[in-house]
Amino acid sequence: MRRCSVLCEYMYTGAATMTVEQAPAVLLAAAQYLLPGLQLICEHRLATALESDWSALQPALLPRTEVSAPTLRAYCLHRMLEAIAGGT
């Protein structure tokens with residue numbers, strides 16, 4: 001599903017289905033079109049991906065530098081602190 005399809009799905013249903021690879025682009029579009037609910041869905045999708053693949057951290061942080069994604073930022077910082085402390 002392309003970014004435009006995800007945006008339309010969200011606007012019509014209030015839900016969004018996307019891959020981890022699509023999430024950063026959709027996050028940027030959600031910020032551009034002022035869709036905070038979709039932004040949270042994207043942040044959650046990226047954070048969920050980090051649960052199983054810590055190496056996904058850098059791509060997950062890339063959109064964070066361009067948009068305000070406080071939920072994703074907090075999650076990433078929490079995971080980094082856990083790693084430093086020896087949690088995982």
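Helices (H or I, at least four residues) and strands (E, at least two) are DSSP runs, numbered from the N terminus.

**Ground rules.** This is a predicted model, so I kept local features to pLDDT of at least 70 and side-chain atom pairs to pLDDT 80 or more, while totals for chains, interfaces and linings use all residues. Residues are numbered from 1 along each chain as its sequence is written, and side-chain values use heavy atoms, with hydrogens and water left out.

**Overall layout.** I found 5 helices and 0 strands in the protein, so the order from the N terminus reads α-α-α-α-α. For burial I used relative accessible area: buried is under 20%, exposed is over 50%, and partly exposed is in between (1.4 Å probe, protein chains only). Buried residues account for 35% of the 88 residues. I also looked up the accessible surface (Shrake-Rupley method, 1.4 Å probe; for residues, only the protein chains shown count as cover). The surface comes to about 5400 Å², with 61% belonging to carbon and sulfur atoms. Of the contacts between residues at least 6 apart in sequence, 49% join residues at least 24 apart.

**Helix 1.** Which residues of helix 1 are buried? I noted Val6, Leu7 and Tyr10. They sit on the same side of helix 1, because they cover an arc of only 100° around the axis; the arc is that of the directions from the helix axis to the C-beta atoms. Helix 2 and helix 3 are among what covers these buried residues. On the other side of helix 1, I see Tyr12 and Thr13 exposed. Gly14 follows helix 1, and its phi is positive, near 80°.

I stopped at Leu34, in the loop between helix 2 and helix 3. Its phi is near 55°, a positive value in a residue other than glycine. Leu34 is exposed, at 69% relative accessible area.

**Helix 3.** The buried residues in helix 3 are Leu38, Gln39, Cys42, Glu43, Leu46, Ala47, Ala49 and Leu50. Gly37 also lies in this helix (residues 36-52), but at 26% relative accessibility Gly37 is partly exposed. Gly37 and Tyr10 are 27 residues apart in sequence, yet 8.8 Å apart in space, C-alpha to C-alpha.

**Glu43.** How buried is Glu43? Its relative accessible area is 2%. Leaving out residues up to four places away in sequence, Glu43 touches Leu27, Ser68, Ala69, Pro70, Thr71 and Leu72.

**Helix 5.** Helix 5 (residues 70-85) has 16 residues and reaches 22 Å from first C-alpha to last, close to the 22 Å expected. Its buried residues are Leu72, Tyr75, Cys76 and Arg79. They fall within an arc of 95° seen down the axis, so they line one face of helix 5. The face turned away from that buried side carries the exposed residues Pro70, Leu81, Ile84 and Ala85. Just after helix 5, Gly86 takes a positive phi of about 90°.

**The core.** A nonpolar core here is a set of buried Ala, Val, Leu, Ile, Met, Phe, Trp, Tyr and Cys residues joined through side-chain atoms within 4.5 Å. The largest one has 21 residues, and Met18 and Leu38 have the most contacts inside it. Helix 1 (3-13), helix 2 (23-32), helix 3 and helix 5 each supply at least two residues of this core. I listed the neighbours of Met18, again skipping residues up to four places away in sequence: Val6, Ala23, Val26, Leu38, Ile41, Cys42 and Arg45.

**Cysteines.** How many disulfides does the structure hold? I found 0 disulfides, taking a disulfide as a pair of cysteine sulfur atoms within 2.5 Å. For Cys8, the closest cysteine sulfur is in Cys4 at 4.3 Å, too far for a bond. Cys8 is partly exposed, at 33% relative accessibility, whereas Cys42 is buried at 0% relative accessible area.

Methods: The expected span of a helix is 1.5 Å times one less than its number of residues. Contact means heavy atoms within 4.5 Å.
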